[in-house]
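Subject: Structure for you to look at

Dear colleague,

I am passing on the structure below, followed by my notes on what was found in it. Please read them with the coordinates open.

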Amino acid sequence: MTAIVPHLFKGIAVVIDNGIGTEDAIDKILANIKAVGGHAIGLTERPAEDYDLEHFSRVSFFIMDWNLADDANGPL
């Protein structure tokens, strides 16, 4: 990624994936963000429905697991 588009993704990333810390693919993505000097906020679940999304107003990009599941493996 860094050889092709070294300056495309700058700033803070929010990564929402219940596999953080347990799945190699998402951990590799987080490592790549950090390796190029980026900062990532990792969330293992989506914010509550009443969460004030204003806290994310200056986030540069989001990465979200398209197969995010709840504790019972039900889709969210």
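Asp 65 is buried, yet it has no salt bridge. The nearest side chain of opposite charge belongs to Arg 46, 12 Å away, whereas a salt bridge would need a side-chain nitrogen of Lys or Arg within 4 Å of a carboxyl oxygen. Please bear in mind that this is a predicted model. Asp 65 lies in the segment after E3. Leaving aside residues up to four places away in sequence, Asp 65 touches Ile 16, Asp 17 and Asn 18.

Ile 16 stands opposite Met 64 in E3. Strand E1, residues 12-16, is joined to E3 by four bridges, and the two run parallel. E1 also pairs with E2, again in the parallel sense, over five bridges. In that pairing, Ile 12 has His 39 of E2 as its bridge partner.

Taken together, the three strands form an open sheet with parallel pairing, in the order E2-E1-E3. Strand E2 (39-43) and strand E3 (61-64) are the edge strands, each pairing on one side only. From one strand to the next, the twist averages 20 degrees. Helix H1, residues 24-35, packs on this sheet and touches E1, E2 and E3. The direction of H1 makes about 175 degrees with that of E1.

How much of E1 is covered? Four of the five residues in E1 are buried, so the strand is mostly covered, with buried meaning under 20% relative accessible area.

Some totals for the chain follow. The chain has one helix and three strands, and along the sequence these follow the pattern β-α-β-β. Of the 76 residues in the chain, 22% are buried. The accessible surface of the chain is about 5900 Å², and carbon and sulfur atoms account for 54% of that surface. Among contacts with a separation of 6 or more, 64% are between residues 24 or more positions apart.

I would begin with Asp 65 when you open the model.

Regards

Technical notes
Residues numbered from 1 in each chain as written. Predicted model: local features only at pLDDT ≥ 70, side-chain atom pairs only at ≥ 80, totals over all residues. Heavy atoms only, no water. Buried < 20%, exposed > 50% of the residue type's maximum accessible area, 1.4 Å probe, protein only. Contact = heavy atoms within 4.5 Å. Areas by Shrake-Rupley, 256 points an atom, 1.4 Å probe, with all protein chains shown as cover. Pairing = 2+ DSSP bridges. Axes fitted to C-alpha atoms, helices over the stretch in contact; angles between N-to-C directions. Lys, Arg positive; Asp, Glu negative; His and termini not counted.
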